[in-house]
Every structure is written in structure tokens, then in C-alpha cells.
Amino acid sequence: MHITTTNICGSDLHMYEGRTSVEEGKILGHENMGVVAEAGSAVGRIEAGGRVSVPFNIACGSCRNCEAGWASFCLRTNPTEGMDGAAYGYANMGPYDGGQAEYLRVPHADFNLLRLPPGNDHENDFTMLSDIFPTGWHGAELAGLRPGESVVVFGAGPVGLMAAHSAIIRGAAKVFVVDKEPGRLALAEKIGAQPVDFSQADPAQQILDATGGKGADCGVEAVGYQAHDPSGQEHPELVLDKLVESVRSTGGIGVVGVYLPQDPGAATEQAQQGPDSLPVRHFVQQGSAHGHRAVPGQALQPAAARPDRRGPREPVVPRLPRTPPRRRRRRLRQVRPPRERLDQGPAAAVTEQAGNRARARRGPPPHRLRRDRHRSR
Ligand SMILES: NC(=O)c1ccc[n+]([C@@H]2O[C@H](COP(=O)([O-])OP(=O)(O)OC[C@H]3O[C@@H](n4cnc5c(N)ncnc54)[C@H](O)[C@@H]3O)[C@@H](O)[C@H]2O)c1
Ligand SMILES: [Zn+2]
Ligand SMILES: [Zn+2]
């Protein structure tokens, strides 16, 4: 495909700063979108000329993990010993070059590509779909956020802001965003969150003060192992510790920031050993639910792309083409080729699972399409 837009991710910074084992000469770039230049002979669903978004994981769509909805841990696409899951232009994630280039080769295109409306409208909004929006969405999902709850998001980078935006879409009553960069905190405020400046006072204390001493209902970690104190000194465990202090007992904590078991490029000997002081004891004591899994972009893009029903807000993801009405869909299903079904299987599985949980909590089904997909299988 011909790249029309690609981003530099916070995860690329770890590689640019020499904090990973990425091989020299690798072309980075895993947040890609563009226009298909040419489709291979085995590709059936994608055609040359189509505008597409590329989720950052590269997955086969049919191995055990892909079938279960965990395309981020595909068992087939990464030949690296001991590693499941592949990505474009990323350390240890397989021999794939990234899209900070003119062209990108996309394996398993039928499974991996999300088709977008033609033209070049909403280019900057759609480009969020390859990684950042689904990752932020997944942070809120892992945290177990329910409508009416409060959530604290650490990190106001693109991932943190998208987690905050997702939390607002999902009905959070109060969203705190912790960072120290004034421009980023201003963006958090602009999308409806309450900014918390960790350089002014202890962020956990600020959250406790704002919640009558009880803490936020859940939290999202969107900083990663290069977390630092106000002076810029890195402490890989800092944000995890502060999250535990800021979230009420039994509250969920979703971790989407990247953590490394070892970090030879870190400044101090202790930090080189990785986040050893991860407060496991506190997690256990609190009975917190916490999740830390890379994001299955293929499954989550459609969920993240659902339009915000409560009116426009920045940044706006435009409405995607509507699904045909239910009766027509039933007819379409009968003639749908097997490839199309394969493509929808894992995504439907994950959204269905999420749907079940959401229905259990909220009553009426949030998304009829998911239920219908499930019934069709
Ligand atoms: N799980 C995934 O699939 C996935 C996908 C994309 C990004 N990521 C990871 O998510 C993390 C965030 O990504 P990003 O693109 O937003 O990165 P970023 O570097 O742009 O943002 C990180 C933010 O954290 C802030 N920060 C640093 N120390 C802090 C502290 N002690 N308290 C609060 N905030 C602090 C920084 O000021 C910065 O604004 C990175 O670790 C990235 O690798 C994970
Ligand atoms: Zn990324
Ligand atoms: Zn697979």
C-alpha cells in the first residue's frame, strides 16, 4: 500500500532512544494508513485503490490466539523464538518493516486491513485507528470502567488522551488525567477531563482530595517504563505505585504502557533491572483487577470507531458506513463467502464477549450488530 499518513508512536521513542534491541536499519512505523497499490493473488477482500487503515499488529486471523480474539498474540506471524505476536517496524516483533516510508507491505491483508471510505476526508481522525485510539479504548476496557464511575488516567500523551476520550464516550462521570506537560494537560481539559499536574503536588494525594479520600473507581496506566518524577529522573515503577495509591480498593487498573523485564539503557542500576518493585503486594491486598496485554487492534478498531452518540467532541471520529438493515443482512449472510466470515470471526468473538459483560451491567444491548454476528455463527 501507498502510505498517506503515519504517526510516530510513544513506543517508537523507546527505539529511537536506544532503549530496545531493535536491529539497525529497521524501518519503523506501525500507525499506518493509505491506499492499496497492489493486492496479492491470494487476497480476496481488498482491492487496489481502496483506502485502508492498518492495525499495528500483524496477525494471521486463524491460529488459536487469533480465533480467540487475541490477534496481538498471533502464533504464526512472528518467527522470533519465544515471542508470539508481530508488528510493523518494531523491536522483537518479527521481520517486518514499518510504514514511516512511501510504501508498506501488509501480510494477510484480508484479515488485517480495515476498509475506510474513499477520498481523503478525516485523514487525521482515521489515522488514530491504527493504534492510539484502540489502545486508549483498551485501557478503559482493562480497567473495567463502568458508566457513572470515576477514572484516573496517568499520562497525557496520545494514548492517555485517547483513554480519557474513550472513558468519556463510555459514560465516565469524572475523568482525571495526570501529567506535567502544560500543553497536554490543556488538551485533556479540552476533551472534558480534569487535569492533574504531578509537578505541583503528589498526584495520588490530589486524586484522593478530589474524591473525598476514597480514590478513583478505576485507573489507566498510559506512561510506560520511562515514567519520571518532576525533575525528569526516571523511575519505572513510579506510575504503577501512584495508580495503586489513587484507585479505591477493588478498583480496576488497566495497564497499556510498555514495560520491559530488563532495561539495560536505563540511567540507574535499579532501573536497569526493570520495574522490580511493582507493588504486587498492594495489588493482591487491594483485590484489584488489572490487565496488561498488548492491544488486539483488529478486534478493537470497530468498537473505537463507534461514533460518540452524545454530540461532537474533539477529536471527532466520523461515522463509518452504516450496516444494512437487519432483514437485508440476513439475506447477505447466506451468500457471504467463507473468507469474509473468517475475517469477522475473532473480532466478533471479542466484541461479543465485551457485549455480554456490558449487557449484564447495563441492560439493553449496546450494539445490535455484535449480537447478530454471533447468532450467524
Ligand atoms: N499496549 C499497546 O499496545 C501500546 C500502544 C501504543 C503505545 N503504548 C505505550 O503507551 C505508553 C504511552 O504512549 P504515548 O504515545 O502516549 O507516549 P508519550 O511518550 O507521548 O506520553 C507519555 C506521557 O507520560 C507522561 N509522564 C511521564 N511520567 C509521568 C508520571 N510520573 N506521571 C504521569 N505522567 C507521566 C509524559 O509527560 C508524557 O506526556 C508508552 O509506554 C507506549 O509505548 C502501548
Ligand atoms: Zn504504537
Ligand atoms: Zn494468528
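**Burial, helix faces and the ligand shell**

User: What makes Ser-53 count as buried?

Analyst: Ser-53 has 23 C-beta neighbours inside 10 Å, so this residue counts as buried. The class requires 20 or more other C-beta atoms within 10 Å of the residue's own; 12 or fewer makes a residue exposed, anything in between partly exposed, and the C-beta atoms are placed from the backbone. The model is a predicted one, in which local features need pLDDT of at least 70 and side-chain atom pairs count only at pLDDT 80 or more, while totals for chains, interfaces and linings use all residues. Residues are numbered from 1 along each chain as its sequence is written, and chains are lettered from A and ligands numbered from 1 in the order in which they are written.

User: Where does Ser-53 sit, and which residues is Ser-53 in contact with, leaving aside its neighbours within four places in sequence?

Analyst: Ser-53 belongs to strand S3, residues 51–54. Helices (H or I, at least four residues) and strands (E, at least two) are DSSP runs numbered from the N terminus. The contacts of Ser-53 beyond four places in sequence are Met-33, Leu-114, Leu-116, Phe-126, Leu-129, Ser-130 and Gln-301. Contact here means C-beta atoms, placed from the backbone, within 7 Å. Met-33 is 20 residues from Ser-53 in sequence, yet their C-alpha atoms are 4.4 Å apart.

User: How do you know where on helix H7 its buried residues lie?

Analyst: The buried residues of H7 (182–190) are Leu-185, Leu-187 and Ala-188. Seen down the axis they fall within an arc of 155°, so they line one face of the helix. The arc is that of the directions from the helix axis to the C-beta atoms. The face turned away carries the exposed residues Pro-182, Gly-183 and Ala-186. Among the elements covering the buried residues of H7 are H6, S8 and strand S9 (194–197).

User: What puts the buried residues of helix H8 on the same side?

Analyst: In H8 (203–210) the buried residues are Pro-203, Ala-204 and Ile-207. They cover an arc of only 100° around the axis, which puts them on the same side of H8. Gln-205 and Asp-209 are exposed on the face turned away. The cover over the buried residues includes strand S7 (150–154), S8, S9, strand S10 (216–221) and H9. Gly-212 follows H8 with a positive phi near 65°.

User: Why is S7 called largely enclosed by the rest of the structure?

Analyst: 5 of the 5 residues of S7 are buried, so the strand is largely enclosed. Ser-150, Val-152 and Phe-154 are buried on one side, Val-151 and Val-153 on the other. S7 pairs with S8 in the parallel sense over 5 bridges, where pairing requires at least two DSSP bridges. Val-151 stands opposite Val-175 in S8.

User: How do you know where ligand 1 lies relative to domain 1 and domain 2?

Analyst: Domain 1 (2–130) and domain 2 (132–291) both give residues to the shell around ligand 1, so the ligand lies between them. The domain bounds come from an automatic or database domain assignment. The shell holds 31 residues, the closest being Gly-10, Ser-11, Gly-157, Val-159 and Gly-224; a residue is near a molecule or strand if its C-beta atom, placed from the backbone, lies within 6 Å of it. Helix H1 (10–16), helix H6 (158–169), strand S8 (174–179) and helix H9 (238–246) each supply at least two residues of this shell.

Note on methods:
Two residues are in contact if their C-beta atoms, placed from the backbone, lie within 7 Å.
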